[in-house]
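Morning, everyone. Please put the structure up on the screen, and I'll walk you through it.

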Amino acid sequence: MVVGSLEQQRADRIFHALSDVTRRDIVRRAMEGPQSVSALARHYPMSFAAVQKHVAVLERAELVNKRRQGREQLVQSNIDTIRHAFRLLDQLEAIWRSRIDRFGEVLAEQNEGAAK
Amino acid sequence: MTVKDVHKDSAAMTMTITAEFEAPIGPVWQMWENPRQLERWWGPPTYPATVVTHDLTPGGAVNYFMTGPEGEQPRGWWRVIEVDAPHHLEFEDGFADEAGNPDSTMPTTIIRVTLGEQPDGGTLMTIETTFPSLGAMEQMLAMGMEEGMSLAVGQIDGLLRTNVTAL
């Protein structure tokens, strides 16, 4: 299905972008507000060009947006994409909360059984 | 409340949930180690789990199926990565086909369970779930949607029984 494969490609780009620790760190920093590429580059033991490449990968995955301000390029996180990931984690949280509730109930029943 | 803390890191696609139980570590570990105990909490009330094989040794497998309200039986498996009873368990959790073999078209998650004895005699349980990719996370949760729908009911049930389980 065309739509499905496009969505899959998008997911693959996001996954690839987030598979690198430097890129994850860039996303976190850019969530706090726009960061210039040169300011970001100071945080990592690599060249400005290398950081620029990481930013380009994040941009293709729509995890960050880039805009020019004077001589600087400002990088900002794309909150929608990140929020999407967060909503999925919310669902996972609901599944595990319910599992842990049941876990606790079964344990408590046993405790009662042992006390009798 | 049993659940003490939930931490979600959407960049690393990891969720960590911490719960505390008023029980010694032995019985808490048994909830994972004893298949009859495991099946009492793994699936929601509308999709109870039946554990078919259960080998908690590194490289060992756990195979299970759940039975839905329409009689459907989705299957799942664990591949055990690390075991250090009663403190640590790490496994890969995935979907299986009708024959019970791992379905390679479906994503898997890595689940790390850590149990720790508390000074008051209780047990702290931390479960960290990591998705290999956002696409995988979407696919997995779409599969678990029905489970998600039945959660509301289970949670109300749970709330009504909180006076029994509350610590």
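Let's start with contacts in chain A. Take those with a separation of 6 or more: 52% of them join residues 24 or more positions apart. Keep in mind that this is a predicted model.

Now the layout. Chain A has five helices and three strands. Along the sequence, the pattern reads α-α-β-α-α-β-β-α. The chain has 116 residues, and 28% of them count as buried.

Next, helix α2 of chain A, residues 21–31. Which residues are buried here? A:R23, A:I26, A:V27 and A:A30. Their arc around the axis is only 100 degrees, so they sit on the same side of α2(A). Here is the background. An α-helix has 3.6 residues a turn, so residues three or four places apart point the same way. After α2(A) comes A:G33, with a positive phi, near 150 degrees.

On to the cores. The largest nonpolar core has 29 residues. Which of them touch the most other members? A:L107, B:F21, B:V28 and B:M31.

Set aside its neighbours within four places in sequence. B:F21 then contacts A:G104 and A:L107 in chain A, and B:T2, B:V28, B:G122, B:T123 and B:M125 in chain B.

Notes:
Residues numbered from 1 in each chain as written. Chains lettered and ligands numbered in written order. Predicted model: local features only at pLDDT ≥ 70, side-chain atom pairs only at ≥ 80, totals over all residues. Buried ≥ 20, exposed ≤ 12 C-beta atoms within 10 Å, placed from the backbone. Helix = DSSP H or I, 4+ residues; strand = E, 2+ residues; numbered from the N terminus. Arc of directions from axis to C-beta. Contact = placed C-beta atoms within 7 Å. Core = buried A, V, L, I, M, F, W, Y, C linked by C-beta atoms within 7 Å.
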